[in-house]
Every structure is written in C-alpha cells, then in structure tokens.
Amino acid sequence: MLNITCFLSQLLLHWRRSKRSSFYALISLLLLCLLAYNSASIFCIHFHFPAKAPAGPAIFLPEYAAGETRMSPLVPSAAKIRSGVKLNTRLRLLQKNRNLVVLTNRTAMHHPKRRKRHALIGSVIKILESEAAEHFEARVNNFFEANSSDSSCELRFFMTWISSSQSFGEREFFSLESVFKSHPNGCLIIASNSLNSRSGMRILKPFTDKGFKVTAISPDFNFLFKNTAAQAWYNQLKQGNVNPGEVSLGQNLSNLLRIGLLYRFGGIYIDTDVIVLRSFTGLKNTIGAQNIDLATGNWSRLNNAVMIFDKGHPLLRHFIEEFAFTFDGNKWGHNGPYLVSRVVSRLSGKTGCNFTVVPPMAFYPVDWTKIGSLFQGPRSLNHSKWLFSKLKQIRTQSFAVHLWNKQSRQFKVEKGSIIQHIMFTSLVITNSSSLV
C-alpha cells in the first residue's frame, strides 16, 4: 500500500512540472487511481494468529454430513485452518447455496424411514413370537406324544394365526369345527403368539371341554429354520436389513412358518379360512392345484392353503430356499402360491422328490373370483338346480373348500346357499339354529 501511495505522489509531481493542463491527462490520472484502489481491495490478505485452535471442525456441509472424505472446494482445508491463514472470501456466496443441508451425519437422514421399518418388523414378530417360544419344540412333541399314547392323535394338523386373539372370529371358529367333524381323533396345533394366552385359551375351551385335541403354541422361528437358508434371512430381517415391502409382512411370514412347521414335524397344514369336508386319511405328500390350463389339462398355478407332507420332505426344503433367496415383499403371492408353483414347476419329473399334485376340485372347487356364488341363496328355479348340482359335486369330489377370506368376508351366508348346507353338516360346537 505504501509503494502505491509513493507512485501516485511522483505521478502528480511529474504532472505539475510538465505544466500541461490537458483534460485527457487528468482523466487518465483518475482512472489509474481507481484501478490501484480496486487492486488493493481484491488481493489484500489478512494474517491473524488465534491463541487456541477449536476443539473440532464446526463445518456443516453435505460432504461432512454424508460422512465422506472428499473435500469441498468451498471450504479451506484443515491444514490451512490450523496454519492460521484465513482467506477473505465472501461468505454471502455460501449462504445463497440452497443445496446445503445442516446435518451432522448420513444416518440422520435415513433414521426416520429405518425406524419405521424396525417398528413394523418388531410389531409383527411380537405377534408371532414370545419368550415362551423357547419351549416350542418340547411343547409340540409333548402335545403330539401325549395324545398318541391313547391312539387319539390320528392325524396332525397345523394352522397359523398372525393377528390378535380378538380378531379370531366366527369363520375361523367354524374352520376348527370342520377339522374335528371330519377328524374327531385328530390333533391340531395353532402356531400363534396371540392365541397362546388366556384369551386364546377361552376361544379354544369349547373344543377342549368336548375332548378335542387342540392347543395354541408360540412358534420358534430360530428352531424351525435352524441350518436352513431361512435362518440367515430371518436374522437379517430382525436386524432391519430386509425390506419387508408393501405386502403384509405377517402374511409373508405365515407363508414361511407353515413350511417350517411341516418341515420339522410333518403333518397337514390348512389355512383358517378352509372348511374341511372329509377325512384326509390316504393323502400323502400332496399339494393342490388352484387353476388348470384348459388347453393342455395341466395345472397352471398351485396354492399353499392346504399342504400334506412328511417330516423333512425335500420339496419343503426347496420351498424354504426359494423363500430366502427370492423374497420380494412388494408382489402379492410371490412368496406364497407363486413360490410353490415356481419350485414344483422346476422339480416336476425329477427323481428323489416324490409328491402328488391334486386337481383344483380337491381343495379349491371354486376360484376366488367366483367365491360369492357359494354364499348366494337360490334366485330362480334354474339357479336352484345349479346350486344343488354344485353342492353334490363338492361333497363327492372335494376334501375341503377354500373360502378366500380376503374376497368373501364381505358376503353374508344366505339361506339355502351352498355354504349354509356345508355348515349344517360340519358343526361340532355351534348350535345349528344360529345359522338360520
């Protein structure tokens, strides 16, 4: 700055000596002065030496918020800060940057979504499991063995219930009745944490009071899937590392649970919206077709609402592996009916995995798109004849009827309907007068 002042003084003295009063010379002198002042204000560097460096960098930029190591071109390096050199930058430029977010780490940005996922997974698992699940294997074996001693456990049935005990309604109760109507000496275990309670015991008490063998036990996923592909998948799910998707997680876990029950113990699995019509004795390693390709006569889709398999059957292990390796929580049926369809389609005809696929009439005599027809009473003479013919077909050819609760729950049982006739002949607890 001193050098510039001297330069200007000499320039002014030179002008006076020249004794020229040129207007252009005066303008040139003013321009030189302005240029000198502007240069001094732009390139001026200030030095200061702080007494003590701050404990940590108070920098809140996306690069630091993301936990990344790349340096921002807008921020001086840590080495320059420690050296005490402070650039006279225009901080107003930084304040105008709308992309800057005041965050301290990347996880803060994702915590809300991750916490929501953890809460969802935790609530579903809480319904399915409890501390009592540690005794699951012992309770299952004791239940079956105790009832086998007097030859009263003719067949082993399993159900799952993933909702609260309060939501176990009349239709589910009727499903239980149909099991014992056709299998009075059968044994039924409902894998459910909510029904393994005092309220659950009250629901099942009418059956136990009449001597039917039924109980609810909290499932133990760790035992059921030990040394299988599903073990690692389930652990990852509990840690929040699996995206449960848009489809009900409870529904998908029920798809896995039913496979695990049959794999570890063997027996018969049925959904709580399945009405059993006659004895399953004679069915072995069986799964049912839901649809048939009319052109070829071959099945086009299977369903997992009814399955009968021996303990440790290799097809069940393939089901478990398919679930763990291809899980998709955003596609309805992908981990259930479509899963068993994919696996059976690949294994059909291969040795070492013997099983039977029964036609739709066995368990699914009416497709979900037409299930409402079973709840309708006669509308006309022709409709009455159709109802009589369909009822006769179901009674002679079907082992069970899947009611497709998601679609049929809205329908009322009308007088003279097929469902009313089936219910009249399937009751063991409910008074038939309540159906009229």
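This is a predicted model: local features need pLDDT of at least 70, side-chain atom pairs count only at pLDDT 80 or more; totals for chains, interfaces and linings use all residues.
**Helix packing and a pocket**

Good morning, colleagues. Helices H13 and H14 lie oblique to each other.

H13 covers residues 314-326, and its axis runs 10 Å from that of H14, at an angle of about 125°. Angles over 145 degrees would count as roughly antiparallel and those from 65 to 115 as roughly perpendicular, so this pair falls into the oblique class. The crossing of H13 past H14 is right-handed. On the H13 side, the contact is made by Leu315, His318, Phe319, Glu322, Phe323 and Thr326. H14 contributes Leu339, Val340, Arg342, Val343, Val344, Arg346 and Leu347. Sorted by class, this contact of H13 with H14 holds 8 nonpolar, 2 polar and 3 charged residues.

H13 also packs against H11. Here the axes are 8 Å apart and the angle is about 35°. The crossing of H11 and H13 is left-handed. Ala229, Ala230 and Trp233 of H11 meet Ile320, Glu321, Phe323, Ala324 and Phe325 of H13. This contact of H11 with H13 comprises 7 nonpolar residues, 1 charged residue and no polar ones.

I turn next to H11 and H12. How do these two helices run relative to each other? They are roughly antiparallel, since their axes cross at roughly 160° and angles over 145 degrees are counted that way. The axes of H11, residues 229-238, and H12, residues 249-265, come within 13 Å. Their crossing is left-handed. From H11, the contact takes in Ala230, Trp233, Tyr234 and Leu237, and from H12, Leu249, Leu253 and Leu256. The class count for H11 with H12 is 7 nonpolar, with no polar and no charged residues.

Which residues lie nearest its centre? They are Gln251, Arg258, Asp271, Asp273 and Lys406, out of 32 lining residues. H12, strand S7 (299-309), H14 (337-347) and helix H17 (405-408) each supply at least two residues of the lining. By class, the lining divides into 9 nonpolar, 16 polar and 7 charged residues.

Thank you for your attention.

Notes: Residues are numbered from 1 along each chain as its sequence is written. Side-chain values use heavy atoms; hydrogens and water are left out. Axes are lines fitted to C-alpha atoms, for helices over the stretch in contact, and angles run from 0 to 180 degrees between N-to-C directions. Helices (H or I, at least four residues) and strands (E, at least two) are DSSP runs, numbered from the N terminus. Angles under 35 degrees count as roughly parallel, over 145 as roughly antiparallel, 65 to 115 as roughly perpendicular and the rest as oblique. A crossing is left-handed if the near helix is turned anticlockwise from the far one by less than a right angle, and right-handed if clockwise. Contact means heavy atoms within 4.5 Å. Ala, Val, Leu, Ile, Met, Phe, Trp, Tyr, Cys and Pro count as nonpolar, Asp, Glu, Lys and Arg as charged, and the others, Gly among them, as polar. On a 1 Å grid over the protein atoms alone, a cavity is a set of points where a 1.4 Å probe fits but cannot get out, and a pocket is an open set with protein on both sides within 12 Å along at least five of seven lines; lining residues have an atom within 4 Å of a point.
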